[in-house]
Amino acid sequence: MSTLSTSSTSLPPLPTDESSFPKWWPRTDSDGTYIAFADHIAHVMVPNITEKGTHDGGDATLTCEEVVQWVLTNAKERTSQGEQQTSISNSIKAIPGSAIIAEENPDHNDDNDRRLRIEREWAEGEFVSTPLKVLDPGYRHDPSLYPQTTTNDALQPNLIAAELLALGSVWHLPYSSTTAKPNIDRFDPSNGVKPMRLNAGDWNKTANAGDYFRVHFDPRRFVDANLYDWGNADGVVASGGGGGVENRPGVIVARDDEAGYIIINKPPNIPVHARVDNLLENVASSVGRSLWMERRESILADVMAVDDDDRLLSSNATYYKKKRKNRKQKKEQLVYVATPQRLDQNTSGLLVVASKKSFASYFAKLLRTKTSGQLQQALSNVSSSRTSSCGVHKSYRCLVCIAPKNEAGEAETTSMASEIDRLNKYTHTIMKHFLEPSIRAPKRFVQAVPENVDNTEYWAECLLKITNISEICTVVGNAPSQDLARALWGDHGKPDDCIAVAECEIELLTGRTHQIRGQLAAEGFPLVGDVQYGGAVPSTSSLYKERCKGRVESFLDSEHLALQCCSLEFLDPNHVVKSDGSDAVKRSQRWKSFRLDSAFWTPFLAGYHDKNAKIDSSEATSSLTDEAPLLKQANQVSEQQYSEKSTAGELPPKVVISQGLNKYVVVRAVLQEDCDNILWFVRSASPEECGGPYHANVAQPLLLQLESLGYTTTVMGGGRIDFVENEKVSHAHVFGFSYGFGKFDHEKVADIIEQHTNSIATFDNSDGLY
């Protein structure tokens, strides 16, 4: 590298006027500003420079790597001077040009080793590439060898310049890009001029005065991509010497090299495609790098087998240009990878990766007919999951929050059981919403397009079906519930109003951005872990803020959604070879089916059930699956049997509580002709009194008695009442939780007891009690 510094008191001006800078570029009175910091991004305008020690003022040669090194040096100085930004900010910190060009510190040996490794990786990729076949830059480098923590200290970057270039974190817009059209604003992308992503091979590319660089000096890292063996079977951990990456689990569910596809079990928190600041840590690049390492020896052997004359000819770009023109050949990839199917970064599960262009085209055609085919099937009530009109079927597994509503009007108050019933209704119908046109998240999903908006045709229709609801588990109450909440959200992430979770299986009939997340949240059932849509509370810890670097994208990247593509079916193609030797695939009538039996949260639910099974039923609250059959059985008993026990038209007492520590329920009753008149009833009873250990046993006599009088009843919640009554005191303490009916407001229950009895009532609304 050249050693650069200022050779005079002021920098020579750029060979352009002020219009050559972006409109948002900061201006200073004392000195031209050539580098501007905005959070984790540095914007650089290359000034005129002179080489240190020259007497004639000759121009120095500045490389792209040196520009990046300038940024890193000043970024570290900036943080050391207390200019750290730990929250999202749109302010730009400017550094004048005189502070950019300074003496460089000698590279440490460790930095040299890291740089040399990247040079070797790039050189090997160049060695096997020709003007007709190239190895993608995203497949050449191994990011697992880079520092795996985002930063060493607060906001200070810990990647060297060569690693940033290899990671694709540097973008370049030459000053000469618009010299042919001097009146064109090169910073306006609508003019057809855009920055180009640089790679490791551009380290010694000349940076000229007036060139613009955007350097993501502290890029988002998706280091989870480096924890997996992308060439091994799903869940299999290589022990060394077996061809896999040692101590890393595999992700491949199925692979067909002849047809040209790989089915992977995509882990969460890994993007499918490259990001603007990270080219390497994503599914496509990880799979491509695995295929390159798998075929590396074979490709190198083929290259080495070519004699020197042919190799010299193969490096002749002019020769290949003519050859490509004569044969109408296009530049091809030595290792081909495409991702025709998409999953959000935070979503896990089955993902199709194409290893041949012919299959990528085939699967893309299947996806184009997927929506219309599935919609036709759903509207016609076809029971089979496979139809000839739709060549792809996918299902999703998710975990949703159950949160009873306590809105302004008491009539709108719901219970856990009623929320489960409302969710179950969507297994018999199609959930429909409209998506507001917007590029920002969270998206807005509404049941009807607002009347006062323009361009209503841009509001996309969103349709989905809930095909199954299985696991229902509480997350407040006893110890197993608390353990489950911590496993899903950590110590502070659970929404306050969430009392249970339910596992659902979803079939999308349309494919919209954030559709499952947004539609379920719009109905009051956000996904567990989904901060944007209400399924989690963001952490406010200092460690979390440092990890996110105060930026929105890192905040969203950190979400661990309970959403998985669990089932995938598609028509298996027939592989054929054309007369010119190229591959092709044709649609067949054979179906390929893949299914994942578990998600990352499955062990948490299993542990929850195991712990509850060890709790004695006389001491613990019951589960919803225990309550439901009891209530159904109770409803089948003759209502006349209970109505005969009371005088015709006479309501049962509002409060009946038994001596000792017993389970209780609170019931809301409404006459159909008088919906505004809501009656509340409280009951507690021992197992001997009500005939069983469950809250449903406590509730069933009261429910049937009220229903025989024409009332519509709802069990709003439950828990325990510790009731002591003697000559000196009559006291009821309300607390706890019911699996089947959820946790009601114990303060309201205490008020009901005091209104209708002579007892003193206290309450404890803590979640940890049962």
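I take helices and strands as DSSP runs, numbered from the N terminus. The model I am reading is predicted.

**Entry: His514**

I looked up where His514 sits. It is in the loop between strand E17 (500–508) and helix H12 (515–522). Is His514 buried or exposed? Its relative accessible area is 12%, and buried means under 20%, so His514 counts as buried. I then listed its contacts, skipping neighbours within four places in sequence. His514 touches Asp344, Ala441, Lys443, Phe445, Gln532 and Tyr533.

**Entry: whole chain**

The protein chain has 20 helices and 27 strands. It runs to 770 residues, and 49% of them count as buried. I also checked contacts between residues at least 6 apart in sequence. Of these, 72% join residues at least 24 apart.

**Entry: helix H5**

H5 covers residues 283–305, which is 23 residues. I checked its span from first C-alpha to last. It reaches 32 Å, close to the 33 Å expected at 1.5 Å a residue. Where does H5 bend? I found a bend of about 55° at Arg295. I also looked at the start of H5. There, a side-chain oxygen of Asn282 comes to within 3.2 Å of the backbone nitrogen of Ala284.

**Entry: aromatic pairs**

I counted ring pairs with centres within 6.5 Å. The count comes to 12 aromatic pairs. I opened one of them, Phe363 with Phe570. The centres are 5.6 Å apart, and the planes make an angle of 85°. Planes over 60 degrees apart count as edge-to-face, so this pair is edge-to-face. Which elements does the pair link? Phe363 is in helix H8 (residues 357–368), and Phe570 is in strand E18 (residues 563–571). The two residues are 207 residues apart, so I noted the pair as a link between distant parts of the chain. I checked burial too: Phe363 is buried, and Phe570 is buried as well.

**Entry: charges over rings**

I searched for Lys and Arg charges over aromatic rings. Arg140 lies over the face of Trp122, 4.0 Å from the ring centre. The charged end of Lys654 sits over the ring of Phe681, at 5.9 Å from its centre. The cut-off for that distance is within 6 Å. I logged both cases, Arg140 with Trp122 and Lys654 with Phe681.

Methods:
Residues are numbered from 1 along each chain as its sequence is written. This is a predicted model: local features need pLDDT of at least 70, side-chain atom pairs count only at pLDDT 80 or more; totals for chains, interfaces and linings use all residues. Side-chain values use heavy atoms; hydrogens and water are left out. Helices (H or I, at least four residues) and strands (E, at least two) are DSSP runs, numbered from the N terminus. The expected span of a helix is 1.5 Å times one less than its number of residues. The bend at a residue is the angle between axes fitted to the seven residues ending there and the seven starting there. A polar contact is a pair of N or O atoms within 3.5 Å; within protein, one must be able to donate a hydrogen and the other to accept it, and residues adjacent in sequence count only if both atoms are side-chain atoms. Rings of Phe, Tyr and Trp (its six-membered ring) pair if their centres lie within 6.5 Å; planes under 30 degrees apart count as stacked, over 60 as edge-to-face and the rest as tilted. Buried means under 20% relative accessible area, exposed over 50%, partly exposed in between (1.4 Å probe, protein chains only). A charge sits over a ring if NZ of Lys or CZ of Arg is within 6 Å of the ring centre and within 35 degrees of the ring normal. Contact means heavy atoms within 4.5 Å.
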